Amino acid sequence: MNCSSTLISLLLCTSVGGAALAESKPAVIYGLGGKFDRSFNESTYNGAQRFTSETGTAYREFELQSDAQREQVLRRFAQEGRSPIVVAGFAFAQPVNTVAQEYPDTSFVIIDSVVELPNVRSLVFKEHEGSFLVGLLAALASETGSIGFVGGMDIPLIRAFACGYRQGALEVDEDISILENMTGTTGAAWSDPVKGGELARAQIGRGADVIFQAAGGTGVGVLQAAADGGILGIGTDSNQNGLHPGQVLTSMLKRVDVAVYSALMAADQDAFEPGVSSLGLAEGGIDWADDENNSSLISDEMRAAVTEAKEAIISGEIVVHDYRTDDSCPS
Amino acid sequence: MDLDLIAQVFASATRLATPILLACLAGLFSERAGILDIGLEGKMMIAAFAAAATASLTGSPVFGLCAAISASLAFALLHGFASITLRGNQLISGVSINMFALGIAGLTGSALFGLSGRTPNLTSEQRFSNLCLPFHSDLGVIYRDVVSGHSAIVYVAFGCVLGTWWLVYKTRFGLRLRAAGEAPDAVETAGISVARVRYYAVAIGGVLCGIAGAHLSIALSAGYTEAMTADRGFIALAALIFAKWRPFAALFTCLLFGFVQAIGFQIEGVVEIDNRWLTTLVEFLEASFPYIMTVIVLAGFVGKATPSAAGGIPYTKER
């Protein structure tokens with residue numbers, strides 16, 4: 001035990017340091033997959049960086065190497081008097097639940113999961129709304145009438161992606177065929193690009209000409225196979241349009257950076273609020289990527305259709321069903 | 001089932017079988033010579049990383065392949081040093097190879113590229129592209145998709161099966177190799193160094209794992225992702241036992257395992273994802289098929305799987 005805490009404090013010394021100017025002493029813990037995963041964690045990092053560059057308040061950070069470290073690091077930061085402590089990923093729910101009760105004066109921010117305690121702010125996203133928009137785009141872009149989805153680990157969150165995507169596509173074309181694959185049921189499902197590529201090839205062989213990935217590191221293989229196969233991929237979380245310019249139709253953006261930034265700002269101005277925030281299209285927490293890398297793929301009609309759908313969702317005219325509310329997807 | 005679909009399943013099976021096959025042959029050399037090799041996974045992993053990192057830095061997949069073979073060879077010799085020269089426990093040495101490879105790949109990757117252990121995405125010039133054999137599109141869809149259109153490494157792997165068979169069964173070296181695993185005392189009595197034969201075997205295994213790793217990161221995908229070997233080294237071990245340490249049987253076992261996975265991918269894509277029972281069942285079978293088959297073989301239902309008599313026992317010259 002002594003050895004491991006020494007090791008952690010050594011690691012902490014190498015992370016971003018510097019004197020804190022304001023009252024808040026934030027800390028950020030990234031999930032497995034690393035800080036620069038081009039996805040979820042990187043978005044968290046970008047949010048924290050923006051906060052630091054604007055306020056000058058430094059933060060400490062930690063990249064997990066294994067599941068066992070979650071509670072250890074949380075406790076370590078709390079002991080040091082760090083607050084708020086931002087953690088990225090649904091797998092932190094249980095550790096935060098434990099440690100937040102031990103340190104009631106410390107503020108915690110958890111992304112992608114809900115922990116109902118008076119000192120925890122939970123940030124969840126309406127991924128189904130963004131998936132609806134990219135499903136709509138996929139159906140508009142498809143020429144074969146067949147589109148695909150490759151998910152990572154088979155969990156309700158990823159099924160919500162699949163379900164939103166399906167609803168968006170069916171909105172355009174009731175007869176569209178949608179192929180769905182999940183990579184696995186364990187954590188390894190996030191880091192097997194070879195399997196992701198093989199799943200994508202199988203879908204291409206069955207006629208899919210647009211494939212949406214929500215599979216972390218596995219998804220890199222999906223986008224690669226899509227580009228190799230001359231069809232279109234769709235990215236997730238961060239803007240992945242630039243991975244294969246002209247071959248990624250769009251990306252479903254999950255603005256974790258915005259959420260982290262505003263949570264850190266609130267805490268810095270002594271306005272930390274516990275509770276659950278659900279961020280969707282209306283809150284700017286979810287969006288679709290439209291930049292120079294995919295501008296040639298998005299026609300004016302497509303842009304108009306997706307903008308219209310976006311406004312309809314924001315106004316409540318279209319209600320996208322969330323798989324997580326009843327564990328099923330309307331067909 | 002139309003012909004296109006069948007061709008596609010077989011093509012997918014071939015691609016998926018290749019890394020397992022190469023690792024399986026690597027294990028065959030090593031275990032036939034009496035050195036248990038549980039570190040196939042680690043050697044493939046360091047090779048996959050070395051290939052992607054080198055290809056990214058130099059821009060050449062050939063350099064990537066060379067780096068992969070060198071890295072894997074270095075790890076193989078480390079395993080050889082621990083288990084042949086130092087006479088250590090071969091299982092423990094193998095396990096530490098696996099852990100060391102995962103750690104060092106992540107650490108080096110972070111230091112070189114600052115991308116949390118990943119390498120940058122490779123461009124098509126930095127990867128092995130798929131080859132079109134002569135008459136690529138003239139001999140029917142099976143030829144076009146299954147026989148032609150793979151990366152060079154796939155053909156090398158199939159050639160390695162023949163090479164392994166020839167080397168192990170038809171040459172003097174092969175006889176010595178098998179003898180080193182079955183009756184090392186006899187080898188030593190004949191005036192041949194058991195240690196040297198075993199080092200050769202372990203080194204050949206290292207080279208084959210190196211090619212397997214390169215296939216994963218610079219042919220099948222475009223870059224290294226942390227732990228991207230995804231237990232393929234252990235599936236190769238299962239295949240090795242299922243094939244009873246024979247090269248052609250290894251080929252068929254690996255193709256069978258690849259085939260089961262490829263079929264699984266197809267079924268999953270067709271079935272409604274809400275049909276949780278069926279998807280879970282397919283996924284379970286697809287992931288655990290190699291292990292289930294191995295247990296069946298080990299339990300003695302399909303003949304008898306007998307490893308080398310001296311496997312796992314460090315050889316001591318003077319007793």
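Student: How many helices and how many strands does the secondary structure of chain B come to?

Tutor: This is a predicted model, in which local features need pLDDT of at least 70 and side-chain atom pairs count only at pLDDT 80 or more, while totals for chains, interfaces and linings use all residues. Residues are numbered from 1 along each chain as its sequence is written, with chains lettered from A and ligands numbered from 1 in the order in which they are written. Helices (H or I, at least four residues) and strands (E, at least two) are DSSP runs, numbered from the N terminus. Counted in this way, the secondary structure of chain B comes to 12 helices and zero strands.

Student: What is the radius of gyration of chain B, and what does the globule rule give for 319 residues?

Tutor: The radius of gyration is taken over C-alpha atoms, and the globule rule is 2.2 Å times the number of residues to the power 0.38. Chain B is as compact as a globular protein of its length, because its radius of gyration is close to the value from the rule, the two figures being 20 Å and 20 Å.

Student: Which helix of chain B gives the most to the side that touches chain A?

Tutor: Two residues are in contact if their C-beta atoms, placed from the backbone, lie within 7 Å, and by that criterion 27 residues of chain B are in contact with 34 residues of chain A. The elements of chain B that give two or more residues to this side are helix 1 (3-32), helix 9 (194-220), helix 11 (247-270) and helix 12 (276-298). With five residues, the one that gives the most is helix 1 of chain B.

Student: Which strands stand at the edges of the open sheet of six strands in chain A?

Tutor: Two strands pair if DSSP finds at least two bridges between them, and the six strands of this open sheet in chain A follow the order 7-6-8-9-10-12 with mixed pairing. Each edge strand has a single partner strand, so one side of each is left without a neighbour in the sheet, and these edge strands of chain A are strand 7 (177-184) and strand 12 (286-288).

Student: At about what angle does helix 5 of chain A run to strand 10 of chain A?

Tutor: Axes are lines fitted to C-alpha atoms, for helices over the stretch in contact, and angles run from 0 to 180 degrees between N-to-C directions. Helix 5 (residues 127-141) of chain A lies across several strands of chain A, including strand 6 (146-153) and strand 8 (210-214). Relative to strand 10 of chain A, helix 5 of chain A runs at about 170°.
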